[in-house]
Amino acid sequence: MEMIVLVNLKLSTLSTFEEMDSQLKGRDLLTLLDYTSEEITYLLEKALVMKKEAAAGNLPPILPGKTLGMIFEKHSTRTRISFEVGMIQLGGHAMFMNAKDLQIGRGESVYDTALVLSEYLDGVMIRANSHEMVKELAKHSTIPVINGLTDIFHPCQALADLLTIIEVKGALAGKKIAYVGDGNNVAHSLVIGAANMGMEVAVATPEGFEFNQNLFVKAQKIAALNGGSVIQTYEPREAVEDADVVYTDVWTSMGQEEESAARLEAFKGFQINDQLVAHAKEDYMFLHCLPAHREEEVATSVIDGPNSYVFQQAGNRLHAQKAVLATLL
């Protein structure tokens, strides 16, 4: 596969692409903390090429006969459809499995489930409540396990986010991204990915909803190694000041519905609206992992405005994950 060189990405430090494929084959993708900046760069580069090829009608069957098992403990639109379409386009198959319909849903051990699935499948993608459970599944599986979302991380979303920024801004290193909202799984993976790419990251959350501090320290160290920075604040305006990218997520995620009223009160002043984005760069881009609650975490004028790239971002879930599948499987 012919690769294209991206401005400010670290391809000059990579070994040959064949060696990188060999290095990543069979690996799990549980968190971007397990990947180097060069490996993340490679996946982004591969995603860009595969997207370009798909647009030209070139869909080579890279994974003929391969089957991806997809386990869901949580509802999904983008994750399920993008992985399923991705496997079809790669010449393989995807199998949807509701966790409640599996024996694991009625008490079979994660250990036994991992060994059984390894006998049937070539890879597992799981969207789960507990990251610890996914880690255990990966520990005992002999096939790659891909994190489609857990309570702590959402690495596939972060890859799609970075891919979208590259397409719009042409580079990642040195660009400022402001995340405003809940310090949740989306925020964790986004910040870790951006830190690996040498971006300037500013995270603004209300008190009591901060970014995980252990992960924050790790992200700061990663950013320092790559020429970037990571800061946190309780002031949305401070985070958004001169930002190239403004990002938010819902204030109440799945499983937090009982906290909705309290969260609405706590997040007052954190809405991404015209007044707030006026402090960002004029050509800023707005991102949201979706689903979105218009007039809650984001004003309709922003998410449906000319600076919004949320649907291109959603579409890039397909291409980022195809790169992951084609490499790990």
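In this predicted model, the crossing of helices α7 and α8 is left-handed. Helix α7 spans residues 185-196 and helix α8 spans residues 213-225, and the two pack with their axes 7 Å apart at an angle of about 20°. Because angles under 35 degrees count as roughly parallel, α7 and α8 are described as roughly parallel to each other. On the side of α7, the contact is made by His188, Val191, Ile192, Ala195 and Asn196, which meet Leu215, Ala219, Ile222 and Ala223 of α8. When these residues are sorted by class, seven are nonpolar and two are polar, while no charged residue takes part in the contact of α7 with α8.

Helix α7 also packs against helix α6, which is formed by residues 155-169, and here the axes come within 8 Å and cross at roughly 50°. Helix α6 is therefore oblique to α7, and the crossing of this pair is right-handed. The residues that meet are Pro155, Ala158, Asp161 and Leu162 from α6, together with Ser189, Leu190, Gly193 and Ala194 from α7. The contact of α6 with α7 divides into five nonpolar residues, two polar residues and one charged residue.

The cysteines were examined next. A search of the whole structure finds zero disulfides. Cysteine 156 accordingly takes part in no disulfide, and the nearest cysteine sulfur, which belongs to cysteine 289, lies 13 Å away. Seen from cysteine 289, the closest cysteine sulfur is that of cysteine 156, and the distance of 13 Å is too far for a bond, because a disulfide requires a pair of cysteine sulfur atoms within 2.5 Å. Cysteine 156 is buried, with a relative accessible area of 1%, and cysteine 289 likewise counts as buried, at 6% relative accessibility.

A further position considered is aspartate 122, which is found in the loop between helix α4 (110-120) and strand β3 (123-127). When residues up to four places away in sequence are not counted, aspartate 122 touches Gly65, Lys66, Thr67, Ile143, Pro144 and Leu329. Aspartate 122 and lysine 176 are 54 residues apart along the chain, and their C-alpha atoms are separated by 38 Å.

Conventions:
Residues are numbered from 1 along each chain as its sequence is written. This is a predicted model: local features need pLDDT of at least 70, side-chain atom pairs count only at pLDDT 80 or more; totals for chains, interfaces and linings use all residues. Side-chain values use heavy atoms; hydrogens and water are left out. Buried means under 20% relative accessible area, exposed over 50%, partly exposed in between (1.4 Å probe, protein chains only). Axes are lines fitted to C-alpha atoms, for helices over the stretch in contact, and angles run from 0 to 180 degrees between N-to-C directions. Helices (H or I, at least four residues) and strands (E, at least two) are DSSP runs, numbered from the N terminus. Angles under 35 degrees count as roughly parallel, over 145 as roughly antiparallel, 65 to 115 as roughly perpendicular and the rest as oblique. A crossing is left-handed if the near helix is turned anticlockwise from the far one by less than a right angle, and right-handed if clockwise. Contact means heavy atoms within 4.5 Å. Ala, Val, Leu, Ile, Met, Phe, Trp, Tyr, Cys and Pro count as nonpolar, Asp, Glu, Lys and Arg as charged, and the others, Gly among them, as polar.
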